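The sequence and the model are shown first, and the description follows.

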Amino acid sequence: GMVITASRLLAMDMYAIQPDPCDNRLIRFNNCLQLLACICHILALCNDAFRDLACIIDCIADCVFLSTAGCMMGQLHRELDVRK
């Protein structure tokens, strides 16, 4: 995840590309889901009732992360092809 983000930020910096507001919203949403999953796992340590919820949120957060990462890589690939 960090390599994809760093590559995206480097390309945006090199070519003076402004981020799309929708991209930023997707990234923030992804970060919120990851944080929620972490909180649920911490709560599951204290109360077993949160264990299933933590697993469900983990699955959703992973799907959102992989979708977001795929979009980032697609954008980066397209931008580098245009710049050749």
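Asn 30 is found in helix 2. The model is a predicted one, and in it Asn 30 is buried, with a relative accessible area of 7%. Because the limit for a buried residue is under 20% relative accessible area, the 7% of Asn 30 places this residue in the buried class. Leaving aside neighbours within four places in sequence, Asn 30 is in contact with Ala 61, Val 64, Phe 65 and Thr 68.

**Helix 2 and its surroundings**

Helix 2 covers residues 21–46. Its buried residues are Asp 23, Asn 30, Leu 33, Ala 37, Cys 40 and Ala 44. These buried residues pack against helix 1, residues 2–14, and helix 3, residues 50–83. Leu 35 also belongs to helix 2, but Leu 35 counts as exposed, at 52% relative accessibility.

Helix 1 contains Arg 8. Arg 8 is buried, with a relative accessible area of 8%. When residues up to four places away in sequence are not counted, Arg 8 touches Pro 19, Asp 23, Ile 27, Met 72, Gln 75 and Leu 76.

| Helix | Residues in helix | First to last C-alpha | Expected span |
|---|---|---|---|
| Helix 2 | 26 residues | 38 Å | 38 Å |
| Helix 3 | 34 residues | 48 Å | 50 Å |

In helix 2 the span is close to the expected value, and the span of helix 3 is likewise close to the value expected for it.

**The loop between helix 1 and helix 2**

Ala 16 lies in the loop between helix 1 and helix 2. The phi angle of Ala 16 is near 50°, a positive value in a residue other than glycine. Ala 16 counts as exposed, at 64% relative accessibility. Leu 35 and Ala 16 are 19 residues apart along the chain, and their C-alpha atoms are separated by 30 Å.

**The chain as a whole**

The chain has three helices and zero strands, which follow one another in the pattern α-α-α. Its C-alpha atoms fill a box of roughly 55 × 20 × 15 Å along the principal axes. The radius of gyration is 16 Å, whereas a compact globule of 84 residues would have a value near 12 Å.

Of the 84 residues, 21% count as buried. Among contacts with a separation of 6 or more, 62% join residues 24 or more positions apart. The chain exposes about 6,100 Å², and carbon and sulfur atoms supply 68% of this area. The chain carries 7 positive and 9 negative charges, whose mean positions are 8 Å apart.

Notes:
Residues numbered from 1 in each chain as written. Predicted model: local features only at pLDDT ≥ 70, side-chain atom pairs only at ≥ 80, totals over all residues. Heavy atoms only, no water. Helix = DSSP H or I, 4+ residues; strand = E, 2+ residues; numbered from the N terminus. Rg over C-alpha atoms; globule rule 2.2 N^0.38 Å. Buried < 20%, exposed > 50% of the residue type's maximum accessible area, 1.4 Å probe, protein only. Contact = heavy atoms within 4.5 Å. Areas by Shrake-Rupley, 256 points an atom, 1.4 Å probe, with all protein chains shown as cover. Lys, Arg positive; Asp, Glu negative; His and termini not counted. Charge placed at Lys NZ, Arg CZ, Asp CG, Glu CD. Expected span 1.5 Å × (residues − 1).
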